[in-house]
Amino acid sequence: MSSPLAPSGSGPITDPAPLSLCAREPHVPADRLVAEMVPPPRFDSVRFSTYIPDPNQPSQTEAVEVLEGFASGLGPGGAPGAGKRRLFGFGKAPKKAPAGPRGVYLDGGYGVGKTHLLASLWHATPAEPELKAFGTFVELTNLVGALGFQQTVRTLSGHRLLCIDEFELDDPGDTVLVSTLLGKLVDAGVALAATSNTLPGKLGEGRFAAADFLREIQGLSAHFRALRIDGEDYRHRGLPEAPPPYSDAQVTGAAHATEGASLDAFSPLLEHLARVHPSRYGALTDGIKAVCLTGVRPVPDQSTALRLVVLADRLYDREVPVLASGLPFDQLFSDEMLNGGYRKKYFRAISRLTALARDAGKLVDPR
């Protein structure tokens, strides 16, 4: 008997059944966390030469020039950290680093290419991959949780460069932890580079009593020279509006017709995320070629919303398209959330999920 047909454009429904994220409970050993501190697959091939500055935003061109100089200063022949001291005008690197900015901090809105530039810096730095580390802020704090503080310091102190994407401080514990960690790495001569939507001196505002931790926040800020990158979200530059959600039947049919696709109802997936540590969300998506979700609805609370943000980041890093039914992704978060202290995280998630939803259109209509 012939296989039943999926919705138009999806082809016949095939066996076996789609995968399920809810059925996965990945275990991630600590050594994998260290080994995976490299730019994610989406940014494997990016370079400074592939970054296309907006001609109306001179700060984008300036950022490329500064970062190219930063990378060239980290080459062989100097101890880790020597290049950044030359870059920022300190002259010939002395044995002990002088005070002043010890890294570069890319500040800008969503979709202006900060992660592209940070990954390009990692690729351009003339050092072996094991002497360079790249990870999100969440991945860095997860590494400390897995290895312990002292072992993390020992592991990263021999690096020439540490790149931290999506730098955010969500609670006082993270503020003290990261301030202390980066201080020790800077003392060891590690060059730092970070991206965020928040200037270093403003980290933590709207999330907790930042004034009570002003010393730590100011200490973090002192490690970086801030580079402002202006521009509009390239994911929406000249592109049509986000596609409307599909029907449950279309999503289910596409999941059955797409090899390596997962299929989950949205609410059970949110519940499952609460049982999986965010450090494992990358492993949760191992081998997944497309994520299909039915019944997308607004997230019920802030803890759930923050977990969804991390999953969205991991899916975006891995270029996994997301096909969904229910409400469009710009209705995931309440007005209260979008006006609160985590609003920048939520807008980033909306931007990235919208881009992945566009990518998923070919699962239903391959034309």
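This is a predicted model: local features need pLDDT of at least 70, side-chain atom pairs count only at pLDDT 80 or more; totals for chains, interfaces and linings use all residues.
**Notebook: a helix pair and a sheet**

Started with the H12/H14 contact: on the H12 side I find Gln302, Ala305, Leu306, Val309, Ala312, Asp313, Leu315, Tyr316 and Asp317, and they meet Lys345, Tyr346, Arg348, Ala349, Arg352, Leu353, Ala355 and Leu356 of H14. Sorted by class, this contact of H12 with H14 has 11 nonpolar residues, one polar and five charged.

Next I looked up the geometry of the pair. H12 covers residues 302-317 and H14 covers residues 343-364. Their axes come within 9 Å and cross at roughly 45°.

What is the strand order? I read E2-E3-E4-E1-E5, an open sheet of five strands with parallel pairing. At the edges I have E2 (132-136) and E5 (224-229), each pairing on one side only. On average, neighbouring strands here are turned by 15° against each other, direction ignored.

I zoomed in on one pair, E1 (residues 103-108) and E4 (residues 191-196): they run parallel and five bridges join them. Within that stretch I picked out Val104, which stands opposite Ala193 in E4.

Last entry: which strands does helix H2 touch? H2 (residues 58-72) packs on the sheet and touches E1, E3 (161-165), E4 and E5. I noted that the direction of H2 makes about 145° with that of E5.

Conventions. Residues are numbered from 1 along each chain as its sequence is written. Side-chain values use heavy atoms; hydrogens and water are left out. Axes are lines fitted to C-alpha atoms, for helices over the stretch in contact, and angles run from 0 to 180 degrees between N-to-C directions. Helices (H or I, at least four residues) and strands (E, at least two) are DSSP runs, numbered from the N terminus. Contact means heavy atoms within 4.5 Å. Ala, Val, Leu, Ile, Met, Phe, Trp, Tyr, Cys and Pro count as nonpolar, Asp, Glu, Lys and Arg as charged, and the others, Gly among them, as polar. Two strands pair if DSSP finds at least two bridges between them.
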